[in-house]
Amino acid sequence: MVDFSSIIDHTLLKANAEYKSFKTLCEQAVDNSFYSVCVPSFMVKTCKNALAGTNVKVCTVVGFPLGNTDCLSKVAEAKYAVKHGADEIDAVINISALKSKDLRYVDKEISCLRKITDGKILKIIVETAYLNEEEKTKIAKMILDNSVDFLKTSTGFAPEGAKIEDIKFFKKILKNSARIKASGGISSYEQAEALVRAGANRLGTSKSLQIINKK
């Protein structure tokens with residue numbers, strides 16, 4: 001049996017989430033020993049304070065959810081998040097640039113994010129639903145070249161989220177040099193278990209309680 005609590009980023013990124021919902025999120029994370037809460041950057045400081053004295057980390061997103069803000073904007077977002085207490089940064093790549101084969105831009109963006117998050121965990125969200133096999137290979141290699149900690153599959157806002165075949169595909173390239181965060185549409189214990197068995201090291205989900213309670 002997999003101890004999902006220790007690898008779950010308990011997530012709340014809905015545009016209409018009220019402040020009280022983030023308070024509840026933090027309470028649930030503590031009660032269930034989740035690895036982290038994943039929240040918008042403006043809630044990082046609030047959640048960091050709410051989780052003071054606990055082992056629960058604070059994760060936030062950058063360039064979310066489309067990834068098409070410019071590089072300097074993403075760097076500013078990441079810098080703000082780190083300043084206010086974020087332990088981990090999940091940044092969306094510029095998917096348009098990757099699809100257009102502007103690999104230099106994508107690589108520069110990842111490199112800049114890696115520098116600004118030095119000492120913190122950086123996850124690069126690749127949004128697998130929009131990528132073909134060649135593009136998946138290229139972005140995985142860039143993640144390795146830039147010493148990124150995690151490749152994250154999805155934002156949860158694309159047509160498809162985490163898929164077993166993608167986890168296996170990336171695992172073959174990344175091996176143990178970078179970890180994999182499966183995210184997007186994970187809602188059952190069976191699905192979570194299959195993703196971990198395929199090679200996922202972390203799970204991002206808003207259905208955390210549903211998963212650990214096997215409902």
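**Figure 1. Helix α8 and the glycine that comes after it.** Directly after α8 comes Gly 199, a residue with a positive phi, near 135°. The model shown here and in the following views is a predicted one. Within α8, which spans residues 189–198, the buried positions are Tyr 189, Ala 192, Leu 195 and Ala 198. An α-helix has 3.6 residues a turn, so residues three or four places apart point the same way. The buried residues of α8 are covered by elements that include the helices α7 (164–174) and α9 (208–212) as well as the strands β7 (179–183) and β8 (202–205).

**Figure 2. Leu 203 and the largest nonpolar core.** The largest nonpolar core has 57 residues, and among these Val 37, Ile 124, Ile 139 and Leu 203 touch the most other members. When residues up to four places away in sequence are left aside, Leu 203 touches Ala 192, Leu 195 and Val 196, together with Phe 4, Ile 7, Ile 8, Asp 9, Lys 181, Ala 182 and Ile 186. In soluble globular proteins, nonpolar side chains tend to be buried together.

**Figure 3. Packing of α3 against α5.** Helix α3, residues 71–83, packs on α5 with the two axes 9 Å apart and at an angle of about 20°, and the two helices are therefore roughly parallel to each other. The crossing in which α3 passes α5 is right-handed. From α3, the residues Cys 71, Lys 74, Val 75, Ala 78, Lys 79 and Val 82 take part in this meeting, and from α5 their counterparts are Tyr 105, Glu 109, Cys 112, Leu 113 and Ile 116.

Figure 4. A search of the whole structure for disulfides finds 0. Cys 71 is in no disulfide, and the cysteine sulfur nearest to its own, that of Cys 112, is 4.2 Å away. Because a disulfide requires sulfur atoms within 2.5 Å, the 4.2 Å between the sulfur of Cys 112 and that of Cys 71 is too far for a bond. Cys 71 counts as buried, at 10% relative accessibility, whereas Cys 112 is partly exposed, with a relative accessible area of 25%.

Figure 5. The axes of α5 and α6 (residues 133–145) come within 10 Å and cross at roughly 35°, in a crossing that is right-handed. Here Leu 103, Val 106, Asp 107 and Ile 110 of α5 meet Lys 138, Ile 139 and Met 142 of α6; Ile 139 is also one of the core residues that touch the most other members. Arg 104 likewise belongs to α5 and is exposed, with a relative accessible area of 74%. From Arg 104 to Ala 200, 96 residues apart in sequence, the C-alpha to C-alpha distance is 28 Å.

Figure 6. Lys 101, in the loop between α4 (95–99) and α5 (103–116), has a positive phi of about 65° although it is not a glycine. Lys 101 counts as exposed, at 60% relative accessibility, and its C-alpha atom is separated by 9.8 Å from that of Lys 138, 37 residues apart along the chain. Ser 147, in the loop between α6 and β6 (150–152), is not a glycine either, yet has a positive phi of about 55°; at 53% relative accessibility, Ser 147 counts as exposed. Pro 65 lies in the loop that runs between β3 (57–62) and α3, and is joined to Phe 64 by a cis peptide bond with omega about 0°.

Terms used. Residues numbered from 1 in each chain as written. Predicted model: local features only at pLDDT ≥ 70, side-chain atom pairs only at ≥ 80, totals over all residues. Heavy atoms only, no water. Core = buried A, V, L, I, M, F, W, Y, C linked by side-chain atoms within 4.5 Å. Buried < 20%, exposed > 50% of the residue type's maximum accessible area, 1.4 Å probe, protein only. Contact = heavy atoms within 4.5 Å. Helix = DSSP H or I, 4+ residues; strand = E, 2+ residues; numbered from the N terminus. Axes fitted to C-alpha atoms, helices over the stretch in contact; angles between N-to-C directions. Parallel < 35°, antiparallel > 145°, perpendicular 65-115°, else oblique. Left-handed = near helix turned anticlockwise from the far one by under 90°.
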